[in-house]
Amino acid sequence: MATGLSIDGEVKQPVHWSQADLAAIHPVYQIDDVTRFNAKRPGTAVRLAGILAVVGAKPTARWLTLHSSRDNFHASIPLDAVRDRALIIYELDGQPLPVSAGGPFRFLIPDFAACHASEVDECANVKFVDRIELTADRGFDNRPKDDDEHAKLHAP
Ligand SMILES: Nc1nc2c(c(=O)[nH]1)N[C@H]1C(S)=C(S)[C@@H](COP(=O)(O)O)O[C@H]1N2
Ligand SMILES: [Mo]
């Protein structure tokens with residue numbers, strides 16, 4: 001299985017990054033302890049803005065699509081709604097974020113809406129993200145659309 005995090009699409013410099021590459025992004029974008037945003041999400045994160053500062057979002061980039069090939073889960077959200085607040089959690093206690101916590105890379109919108117209440121909802125907090133794609137138009141999205149689909153997804 002591919003490891004690492006790819007960022008591609010409408011960016012000037014597509015990349016494929018490891019945990020160490022995220023840790024090397026400028027300290028101003030680093031969040032040492034994500035519990036200050038969400039008590040249930042311990043770990044270290046980097047702001048999406050820090051990633052975009054390196055890869056350079058093109059002006060044509062309007063949508064951000066989060067892909068998890070591990071479990072085929074995908075969410076596409078308007079870039080402007082999250083560019084200044086979303087985080088990518090990549091580390092816990094100095095180790096890669098475990099799969100049990102949605103690692104090695106987990107997207108987190110600190111103040112998300114309730115599931116399927118808006119585009120920027122809890123369901124968009126994609127676990128096991130391995131690709132972040134920027135596009136001009138809305139990308140692939142298979143988040144649950146209603147309570148029924150949601151219950152099926154969360155069924156053991
Ligand atoms: N890869 C992946 N990410 C995912 C999901 C999923 O099924 N697969 N479920 C989403 C939904 S519907 C919700 S509400 C939250 C739940 O997060 P939790 O499992 O940490 O409570 O994760 C989101 N991220
Ligand atoms: Mo959800």
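**Ligand 1 and selected residues in a predicted model**

Ligand 1 sits in the largest pocket. The model is predicted.

Student: How many residues surround ligand 1, and which are the closest?
Tutor: The shell is defined by heavy atoms within 4 Å of the ligand. It holds 15 residues. The closest are Arg41, Asp71, Arg106, Asn125 and Lys127.

Student: By class, how many residues of the shell around ligand 1 are charged?
Tutor: The shell around ligand 1 has six nonpolar and four polar residues. The number of charged residues in this shell is five.

Student: Which element gives the largest share of the shell around ligand 1?
Tutor: The largest share amounts to three residues. These residues come from helix 4, residues 147-154. The element is therefore helix 4.

Student: At what distance does a polar side-chain atom of Asp71 lie from a nitrogen atom of ligand 1?
Tutor: A polar contact requires a pair of N or O atoms within 3.5 Å. The pair formed by a polar side-chain atom of Asp71 and a nitrogen atom of ligand 1 is separated by 2.7 Å.

Student: Which residue places a backbone N or O atom 3.0 Å from a nitrogen atom of ligand 1?
Tutor: Arg106 contributes a side-chain N or O atom, located 3.0 Å from an oxygen atom of the ligand. The backbone atom, 3.0 Å from a ligand nitrogen, belongs to Asn125.

Student: What percentage of the accessible area of ligand 1 does the protein cover?
Tutor: On its own, ligand 1 has 530 Å² of accessible area.

Student: Is Thr44 buried or exposed?
Tutor: Thr44 is located in strand 4, residues 44-47. A polar atom of its side chain lies 3.2 Å from the backbone oxygen of Asp32. Because its relative accessible area is 14%, and the cut-off is under 20%, Thr44 is buried.

Student: Which residues of helix 2 are buried?
Tutor: Helix 2 spans residues 48-55. Just after this helix, Gly56 takes a positive phi of about 70°. Within helix 2, the buried residues are Leu48, Gly50, Ile51, Leu52 and Val55.

Student: How many Å apart in space are Pro14 and Val55, C-alpha to C-alpha?
Tutor: Pro14 is in the loop between strand 1 (5-9) and strand 2 (15-17). Its relative accessibility is 47%, so Pro14 counts as partly exposed. Pro14 and Val55 are 41 residues apart in sequence. Their C-alpha to C-alpha distance is 6.3 Å.

Terms used. Residues numbered from 1 in each chain as written. Chains lettered and ligands numbered in written order. Predicted model: local features only at pLDDT ≥ 70, side-chain atom pairs only at ≥ 80, totals over all residues. Heavy atoms only, no water. Polar contact = N/O pair within 3.5 Å; in protein donor to acceptor, adjacent residues only side chain to side chain. Areas by Shrake-Rupley, 256 points an atom, 1.4 Å probe, with all protein chains shown as cover. 1 Å grid on protein atoms, 1.4 Å probe; cavity = no way out; pocket = protein on both sides within 12 Å on 5 of 7 lines; lining within 4 Å. Sits in = over half its atoms within 2 Å of the grid points. Helix = DSSP H or I, 4+ residues; strand = E, 2+ residues; numbered from the N terminus. Nonpolar A, V, L, I, M, F, W, Y, C, P; charged D, E, K, R; others polar. Buried < 20%, exposed > 50% of the residue type's maximum accessible area, 1.4 Å probe, protein only.
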